Amino acid sequence: MAYDAKAGRVDKPIADVSAYGEIALVLQGGGALGSYQAGVFQGLAEAGIEPSWIAGISIGALNTAIIAGNAPENRLAALRGFWEAISRPEDHLGLAGSMMLKSMGLDAAARRLSSGWSALRTIWEGQGEFFLPVRHLPFAALDRKPPSEVSYYDTTPLLATLERFADFGRINNGDIRVSVGAVNVRDGNFSYFDNREIKLEPRHFLASGALPPAFPAVEIDGEYYWDGGIVSNTPLIEVLREAREKDVLVFQVDLWSARGRLPGDHADVEERLKDIRYSSKTRAITDMMGERRRRAHVVQELLSLIPPDMQANNDVLEKARAIATLGTVNIFHLIYQNKSFEGYYKDAEFSRATMLEHWASGLKDMQDSLQYRDWLDIPGRDVGFVTHDVHRHR
């Protein structure tokens, strides 16, 4: 199979997924780790698999905007442009320190120093085309401001960056369904902004990634919104709720792993805390939905035992049929695995070198996953719901 990167297509897809009624790409939040998702998308593009629905939270929402906001032949180039814009090469001080350690044969320490220094620069300086430090912070309890003005960083640069790399006319009128999640600051409820229901604007994507206290809330129609990851860092459950009368293939791309080694110091504790908090219990969601579908299958079997003449004009049986009407769901669950040099600051580490490593990891994981061609098959109706945990098969 030959992939034409310029044309953004394959001569022949590796597998026929046309039997699915929906192909969903679900992107978790995770800051600088998000270039892993770009690599996963490249793997899908190389395989000729085009999502019909992309749902994202936080950095996943920003990747969603870039993908859906470009023609198929331009998506990878736009993703690369976006990630190069919000990352940066290592500075002279970081290079000098890492080179000194390398000269002493301490390659692992050199990489950790480089990564940590890059994250520290982000905290001090921000990321030029993403966010910048707020120079004049309000005094607590003395200088009351609206939530859109209370933050450590200003995300105004991101607005221009999004508009440069994504066409919002295409997002709203294209053939990809787009959903991004945010949290209403006032009532604490989770909200989805969906291009099938409203006209999406850059502010909806900024709201999805407005993680406090670093980033300011975003005002939309008189309400203020924060990062969706506060409540749920994956929109998977929303996709699964709509998988009723059609078969759905889902590529769930997580940036945080609930599983990990026991922490040995305070930095390790901080890292494990983030991993567990933002993993969003994807496995628990799939277990819950799988059990719901098994029950629906039992209802289907019970309905088949009732004679047709006894089913007419029966409201209870109509409700039972609605519960039992479910398509099948096939989930590819990819989870980013930490690099040895990364620490609790990994979501704020925007160096160009690390960005490219994350991207390469996502591409390889997707390519390796698609070697299991039978995984792409629609599961049998008696199964109805299957999850492939890709990270377990490396």
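**Getting to know the strands and cores**

Q: Why is strand β13 (residues 385-389) called largely enclosed by the rest of the structure?
A: Buried means under 20% relative accessible area (1.4 Å probe, protein chains only). Four of the five residues of β13 are buried, so the strand is largely enclosed. Strands here are DSSP runs of E of at least two residues, and helices are runs of H or I of at least four, numbered from the N terminus.

Q: What kind of model is this, and how are residues numbered?
A: This is a predicted model, where local features need pLDDT of at least 70, side-chain atom pairs count only at pLDDT 80 or more, and totals for chains, interfaces and linings use all residues. Residues are numbered from 1 along each chain as its sequence is written, and side-chain values use heavy atoms, leaving out hydrogens and water.

Q: What makes β12 (residues 329-335) and β13 a pair?
A: Two strands pair if DSSP finds at least two bridges between them. β12 and β13 have five bridges, in the parallel sense, so they meet that definition. Phe-332 stands opposite His-388 in β13.

Q: What makes a nonpolar core, and which residues have the most contacts inside the largest one?
A: Such a core is a set of buried Ala, Val, Leu, Ile, Met, Phe, Trp, Tyr and Cys residues joined through side-chain atoms within 4.5 Å. The largest has 70 residues, with Phe-205, Phe-251 and Phe-332 having the most contacts inside it. Helix α2 (residues 59-68) gives the most to this core, with seven residues.

Methods
Buried < 20%, exposed > 50% of the residue type's maximum accessible area, 1.4 Å probe, protein only.
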